[in-house]
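User: Hello! Could you walk me through how to read a few features of a model?
Analyst: Gladly; here it is.

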Amino acid sequence: MSSSVETPVFIQTKSHEALPPPNLARGPIAWMRENLFPSIPNTILTLVVFYLLYVAIPPLVKFLFIDAVWTGTDRDACRAETAGHPVGACWAFVWDKINYFIYGSYPITERWRVDVWFVLLAIGVVWLLWLKAPRRDVGAVYFFIVFPVLSFILLLGSDWVGLDHVPTGLWGGILVTLIVATVGIVFSLPFGILLALGRRSRLPIIRMASVIFIEFVRGVPLITVLIMANTMLPLFLPGDITIDRLARPLVGVALFASAYMAEVVRGGLQAMPKGQYEGAMSLGLKYWQMMVFIILPQALRIVIPGIVNTFIGLFKDTSLVAIVGIFDLVKTIEASRIDPSWSAPTIGYTGYAFAAFFYFIFCWGMSRYSLGVERRLAAGQNR
Amino acid sequence: MQTTVSQEAPKGSILYDPKVRGIFYQVVLVAIVAFIIYEAVTNAAENLQRAKIASGFGFLNNTAGFDINQALINFSAAGSTYGDAFIVGLLNTLLVSAFGIVFATILGFIVGIARLSKNWIVSKVAMVYVETIRNIPLLLQLLFWYHAVLAPLPQPRDSINVGNSFFLNARGLFMPKPLFAGDAWVIWVALAVGVVATILFRRWAWKQQAATGKLYPINWISLGFVVGLPVLMWILLALFGANPISFDVPVKGTFNLRGGMTVYPEFVALLLGLVTYTAAFIGEVVRAGILAVSKGQTEASSALGLTSAQNLRLVVIPQAMRVIIPPLTSQYLNITKNSSLAVAIGYPDLVQVFMGTVLNQTGQAIEVVVITMAVYLTISLVTSFVMNIYNRRVAIVER
């Protein structure tokens with residue numbers, strides 16, 4: 001072995017000058033120098049970003065607030081030539097149509113039923129999601145069993161409680177959006193748990209059936225599932241049974257959400273240490289006792305953030321039912337957008353901005369919640 | 001002392017034997033599934049017969065009778081079949097997905113890196129972008145892009161005209177279409193040679209750098225091979241009087257433009273929507289991946305004198321890729337699946353053409369749904385398979 005080693009090119013031969021001592025100055029100027037203008041490329045980047053913000057933000061604010069029309073009864077208020085000033089967002093349009101956006105064509109005299117339903121829904125959601133709420137097990141029974149039955153009677157109407165029948169064709173707007181989302185979560189959680197258990201089962205046929213279902217549904221777009229539910233469900237049922245127009249996409253959404261929920265729950269099941277299973281078995285618990293009393297309470301707890309994230313996705317995906325002709329929020333906006341009595345150049349943008357705001361508030365709120373739970377669950381590891 | 005252990009299980013009721021129970025449960029499941037399938041098939045057969053709808057895949061050979069504006073193969077209402085319509089839709093889906101994947105990856109990496117930037121305003125802007133985009137349904141964003149892209153554009157007669165060869169109006173962007181003459185193969189060969197030469201040169205340069213530390217301007221030389229060589233051949237051919245590539249320039253007619261090639265506004269809106277939406281998710285994936293690389297790696301690389309760009313490119317991202325690839329794969333699949341939202345804005349993708357128009361015209365729901373779903377499943381499986389191979393290559397080698 002030769003001892004003379006050729007000096008590789010990449011070794012520095014002379015030492016660099018020492019760096020200046022770190023700047024310990026405090027105050028806004030020092031902060032800006034450190035965080036906005038630390039070097040020449042960074043300064044250029046900062047200036048470019050500031051320029052882009054300058055280009056984008058003022059017109060947006062101008063459109064949404066300064067030039068916006070807040071009051072008015074028809075299109076004249078929102079047309080520049082009749083209003084006499086440049087017109088931005090036409091909030092008067094949203095205000096005029098707000099009942100349609102919330103209830104769809106639900107009969108005006110019966111709309112209190114929808115309001116009651118919103119309250120019932122809110123009670124169920126808060127009861128389940130607020131981790132310190134009392135008797136959350138009762139809350140689960142309420143949300144997954146009592147609430148669906150109540151909703152059905154309340155919204156559809158029933159003779160023996162004296163509520164008029166309201167056909168689902170009249171439902172619309174935010175009501176339908178929330179119904180689709182609620183049906184998704186109410187069905188997908190139990191089904192998802194069953195599928196996840198099935199996927200981890202030792203019984204080969206049950207495992208295979210679960211895997212095929214989950215992978216099949218996750219491999220196709222929701223819109224194809226919805227179209228399938230829309231066109232094929234009526235074919236598969238006996239000729240004398242007709243399935244409600246609204247119920248078809250609900251079936252599709254429920255199946256679709258179950259497959260995604262199953263994967264989230266499976267993650268929780270896999271994260272359980274084996275000792276938990278062994279401990280449960282050594283106590284002589286049967287399979288279902290072990291799952292219900294030992295494994296699932298812990299597994300579901302650690303996947304709450306995952307469940308909420310899946311639910312955010314589901315909530316956004318509910319807008320797809322508009323494509324198969326269900327009057328959810330997006331569809332009601334699309335329908336109002338072309339209403340001749342409100343035909344003005346900015347109506348479309350206004351409608352979309354309203355819907356975007358609605359979805360953003362819900363989804364952002366849920367994601368904050370899931371972050372909070374995540375932090376709480378991680379608190380044990382932070383010590 | 002010896003005790004004989006009985007090999008037989010203690011006698012209990014056969015009802016409590018887990019094996020028997022397992023078989024019982026599975027038989028029940030099979031019976032339920034079989035019953036559902038049997039019911040569905042018999043009902044479907046009966047319903048189809050009553051509605052006088054044909055069954056079988058013969059309809060694929062029937063004349064389509066409708067037109068599709070963006071078709072990558074020759075398609076006409078009179079001369080093409082439903083099978084051709086299927087291929088047109090499939091190609092359009094693949095086209096928008098492929099473009100979407102490329103641009104969303106680029107934008108997503110920029111967003112992810114920007115969110116981790118030490119530059120306060122850059123990271124905040126990236127954060128606001130991600131939070132806004134992720135919390136609004138894609139469908140709404142597509143509708144917005146479609147009307148925002150389409151609405152302000154002028155009518156065909158007032159097209160925005162750039163150099164009499166590019167025209168922009170509400171019906172799309174009209175561009176010159178290159179036509180390749182017989183001797184254009186020389187250019188294709190030059191391109192292929194350039195690509196091969198680039199790959200070989202890169203390998204050689206890496207080996208040289210590993211052995212001696214000498215750096216070559218790899219990117220410039222690659223560019224020279226891939227772009228320079230075909231252009232050089234083109235110029236040479238032109239000098240010898242041949243005309244390998246000519247352009248079909250769109251001509252302004254009374255109502256619309258003729259000739260050339262067109263980028264349709266539906267395509268642009270769908271692509272914009274998919275790219276901006278998915279980039280927000282990819283940005284989060286990239287951010288998580290970069291954060292997963294331990295800080296010691298960055299410190300070590302700056303101790304070795306790498307600049308922060310080199311650190312990112314040579315040290316952090318190659319390691320972050322291991323964490324990034326699996327969720328990135330599912331984002332790619334999401335782009336492909338989400339491209340089906342094209343149906344909302346009228347871009348002729350697989351769902352719009354096949355599950356929309358063809359399904360409505362033929363009424364053969366089962367066949368159409370089965371074919372469409374099979375296509376998406378195949379795409380999903382193939383993508384996962386390819387990405388798994390890549391993932392195995394970059395996965396950490398445990399020693």
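User: What distance separates the centres of domain 1 of chain B and domain 2 of chain B?
Analyst: A note before that: this is a predicted model, in which local features need pLDDT of at least 70 and side-chain atom pairs count only at pLDDT 80 or more, while totals for chains, interfaces and linings use all residues. Residues are numbered from 1 along each chain as its sequence is written, with chains lettered from A in the order in which they are written. Domain bounds come from an automatic or database domain assignment. In chain B, domain 1 spans 16-51 and domain 2 spans 105-354; their centres, taken over C-alpha atoms, are 49 Å apart.

User: How many residues of chain B are in contact with chain A?
Analyst: Two residues are in contact if their C-beta atoms, placed from the backbone, lie within 7 Å. Here 48 residues of chain B contact 45 residues of chain A. Helix α1(B) gives the most to chain B's side, 13 residues; helices are DSSP runs (H or I, at least four residues), numbered from the N terminus.

User: And how do I read a helix pair?
Analyst: Two packed helices are described by the angle between their axes and the distance between the axes. Axes are lines fitted to C-alpha atoms over the stretch in contact, and angles run from 0 to 180 degrees between N-to-C directions. For α2(B) (residues 82-115) and α9(B), the angle is about 140 degrees and the axes are 9 Å apart. That makes α2(B) oblique to α9(B), because angles under 35 degrees count as roughly parallel, over 145 as roughly antiparallel, 65 to 115 as roughly perpendicular and the rest as oblique.

User: Which residues of α2(B) and α9(B) meet?
Analyst: S97(B), G100(B), I101(B) and A104(B) of α2(B) meet Y332(B), I335(B) and T336(B) of α9(B).

Key. Helix = DSSP H or I, 4+ residues; strand = E, 2+ residues; numbered from the N terminus.
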